[in-house]
Amino acid sequence: MSYFRPASLTWWAGVLAVLTGAAIMVMPDSFALTEMGRLLAMFAGSADASPAALVYLGLGLIGIRAKLERTYAGRPE
């Protein structure tokens, strides 16, 4: 299970983005969730804070972290 790495901050950022996007889909009128989604999108450098974009961002973060770990595993730094 190379995608499940709770010790990684990138993994947690991805999970937070996915959960925020899913929560906004369930409760679209929540001001706090909407603002948190905008903040996450701003940190990621995106202007789109839609729920689908947040879920996509989160899955991308989790996938990129796993790919970089597989690519650079075992190489001396």
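1. A nonpolar core is a set of buried Ala, Val, Leu, Ile, Met, Phe, Trp, Tyr and Cys residues joined through side-chain atoms within 4.5 Å. Keep that in mind as you look at this structure, which is a predicted model. Its largest nonpolar core has five residues: Ile24, Leu33, Leu40, Ala41 and Leu54. Helix α2 gives the most to this core, namely three residues. As background, nonpolar side chains tend to be buried together in soluble globular proteins.

2. Now pick out Leu33, one of the core residues. Leaving aside residues up to four places away in sequence, Leu33 touches Thr20, Ala23, Ile24 and Met27.

3. Next, follow helix α3, which runs over residues 51-72 and has 22 residues. From its first C-alpha to its last, α3 reaches 32 Å, close to the 32 Å expected at 1.5 Å a residue.

4. Which residues of α3 are buried? They are Leu54, Gly58, Ile62, Arg65 and Ala66. Seen down the axis of α3, the buried residues fall within an arc of 105°, so they line one face of the helix. Their cover includes α1 (9-26) and α2 (31-43). On the face turned away from the buried side, α3 carries the exposed residues Ala52, Tyr56 and Ile64.

5. Finally, have a look at the aromatic rings, where the count comes to one pair. The ring centres of Trp11 and Trp12 lie 4.8 Å apart and the planes meet at 80°; planes over 60 degrees apart count as edge-to-face, so this pair is edge-to-face. Trp11 is buried, with a relative accessible area of 10%, whereas Trp12 is partly exposed, at 44%.

Technical notes. Residues numbered from 1 in each chain as written. Predicted model: local features only at pLDDT ≥ 70, side-chain atom pairs only at ≥ 80, totals over all residues. Heavy atoms only, no water. Phe/Tyr/Trp six-rings, centres within 6.5 Å; stacked < 30°, edge-to-face > 60°. Buried < 20%, exposed > 50% of the residue type's maximum accessible area, 1.4 Å probe, protein only. Helix = DSSP H or I, 4+ residues; strand = E, 2+ residues; numbered from the N terminus. Expected span 1.5 Å × (residues − 1). Arc of directions from axis to C-beta. Contact = heavy atoms within 4.5 Å.
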